[in-house]
Amino acid sequence: AASASGGASVSASGAPAPSSAPAAAARREGGAGGGGGGAGEVASSADAASAAPAHPPSSSAASASRQAAQRYSTAELRGDWLRKYGRNFSAAEPKLDVWVLCTGTLSEEQVRGFKRRRGKSYAVSLNKFMFGPTFLEKTGIIPSHHWLVEVDAFTRGTCLEEAKKKTKFSEKKFPNCYVAFDIARNAIKHKVHLVGKDPLIRFWETALGEAVSPLLHEANSWFADHPVPVSNLSALTLGHGIRIALSLTPQGAIVKLLGCDGTTTFSKNNAPHYDLKRVAKKLKPIVQMLRTVGPGWDIVNCNPKSLYVAEKAMPGVSWCFD
């Protein structure tokens with residue numbers, strides 16, 4: 001089994017290895033009741049998605065509170081998820097951590113906290129996190145999986161054609177091709193699994209050959225093999241990161257967003273992302289639903305001052321690294 005440095009054990013396919021299943025898993029009855037909110041929250045409340053739990057849902061107190069306050073629903077679970085994991089699914093107790101790493105601000109304190117807390121949990125990084133020195137080298141954080149969006153240079157086939165010509169990519173002449181090429185080189189170096197759409201996969205295979213092939217996962221195939229529990233999670237890049245995190249944790253998890261500030265990457269004045277409000281609007285009902293569906297997934301932001309938190313897309317918490 002391949003393993004990212006400091007990360008969770010994964011099989012050659014990038015899926016959770018058998019040994020990564022929790023030693024103790026509580027069986028929850030599928031098809032039970034319905035969608036009351038977790039830990040004493042009411043799912044129909046307008047602010048349910050942004051209400052921060054007072055303590056980590058993985059704590060024994062929180063687990064007891066959740067079990068007393070709600071029964072988990074299968075009504076919203078996707079058919080492919082139910083076919084793979086069944087209605088009598090296992091729920092991890094305590095909840096597993098899974099991280100989504102964005103390209104926002106990461107303080108030294110957050111980096112230390114992440115490294116102290118991570119253990120063998122999965123970490124899914126996004127877009128330019130694995131490009132250049134700003135995040136990967138500066139922080140020393142090595143994800144287990146990475147998602148890169150396919151821009152026009154890939155959908156039009158420009159980068160693939162240049163790779164076939166054995167072009168030496170430069171950031172100045174072929175910036176998008178160079179970014180993807182550098183990310184794949186780093187993935188090879190650190191054994192990070194790359195999940196992407198077909199144009200990117202073909203580019204990486206052509207440009208780097210057998211060295212990268214075992215780490216590549218075409219998105220449709222990945223989600224067919226590792227189904228996500230709910231539909232309509234299409235909130236651009238952040239949504240893809242959350243989808244991968246969900247696909248890796250079929251027994252439920254706390255999905256911790258780190259560096260997901262809602263700002264434009266490399267913005268000097270922390271300007272809001274151009275699609276902030278649309279992404280937040282799409283995420284809010286999904287975040288709320290995931291708390292009470294199946295084994296339960298709590299999505300929290302490790303930066304309480306994140307613009308996503310301000311838009312009430314998810315709660316901001318101070319206990320990510322406790």
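The side chains of Arg-112 and Glu-108 come together in a salt bridge, with N and O 3.9 Å apart, where a salt bridge is a side-chain nitrogen of Lys or Arg within 4 Å of a carboxyl oxygen of Asp or Glu. Side chains of opposite charge can pair when their charged atoms come close. Because Arg-112 and Glu-108 are 4 residues apart in helix H3, about one helical turn separates them. Helices (H or I, at least four residues) and strands (E, at least two) are DSSP runs, numbered from the N terminus. Both Arg-112 and Glu-108 are exposed; buried means under 20% relative accessible area, exposed over 50%, and partly exposed in between, with a 1.4 Å probe and protein chains only.

This is a predicted model, in which local features need pLDDT of at least 70 and side-chain atom pairs count only at pLDDT 80 or more, while totals for chains, interfaces and linings use all residues. Residues are numbered from 1 along each chain as its sequence is written, and side-chain values use heavy atoms, with hydrogens and water left out.

The pLDDT is the predictor's confidence in each residue, from 0 to 100, and the protein chain averages 82, with 76% of the residues scoring at least 70. Over residues 1-9 the pLDDT is below 50, and this stretch has 36 contacts in the model beyond near neighbours in sequence, a contact meaning heavy atoms within 4.5 Å. Over residues 58-70 the pLDDT is also below 50, and that stretch has 29 contacts beyond near neighbours in sequence.

A search of the whole structure finds 12 salt bridges. One of them links Asp-97 with Arg-117, the closest N and O atoms being 2.7 Å apart. Asp-97 lies in strand E3 and Arg-117 in helix H3 (residues 108-118), so this pair ties together parts that are 20 residues apart in sequence. Asp-97 is buried, with a relative accessible area of 9%, whereas Arg-117 is partly exposed, at 28%. Another salt bridge brings together the side chains of Lys-197 and Glu-150, at 3.6 Å from N to O. Lys-197 lies in the loop between E6 and helix H8 (198-208), and Glu-150 in the loop between strand E5 (145-147) and helix H5 (152-155), so the pair ties together parts that are 47 residues apart in sequence. Lys-197 is partly exposed at 33% relative accessibility, while Glu-150, at 17%, is buried. Salt bridges that share partners also join Asp-97, Arg-117 and Lys-256 into one network.

Helix H11 (residues 276-290) has 15 residues and reaches 21 Å from its first C-alpha to its last, close to the 21 Å expected at 1.5 Å a residue. A kink of about 30 degrees lies at Leu-283 in H11, shortly before Pro-285; the bend at a residue is the angle between axes fitted to the seven residues ending there and the seven starting there. Leu-283 is one of the buried residues of H11, and these buried residues pack against helix H10 (236-247), strand E9 (297-301) and helix H12 (307-310).

Most residues other than glycine have a negative phi, and most peptide bonds are trans. Lys-191, in the loop between helix H7 (175-190) and strand E6 (193-196), has a positive phi near 60 degrees. Lys-312, in the segment after H12, has a positive phi of about 65 degrees. The peptide bond from Glu-93 to Pro-94 is cis, with omega near 0 degrees, and Pro-94 lies in the loop between strand E2 (90-92) and strand E3 (96-101).

Methods: Expected span 1.5 Å × (residues − 1).
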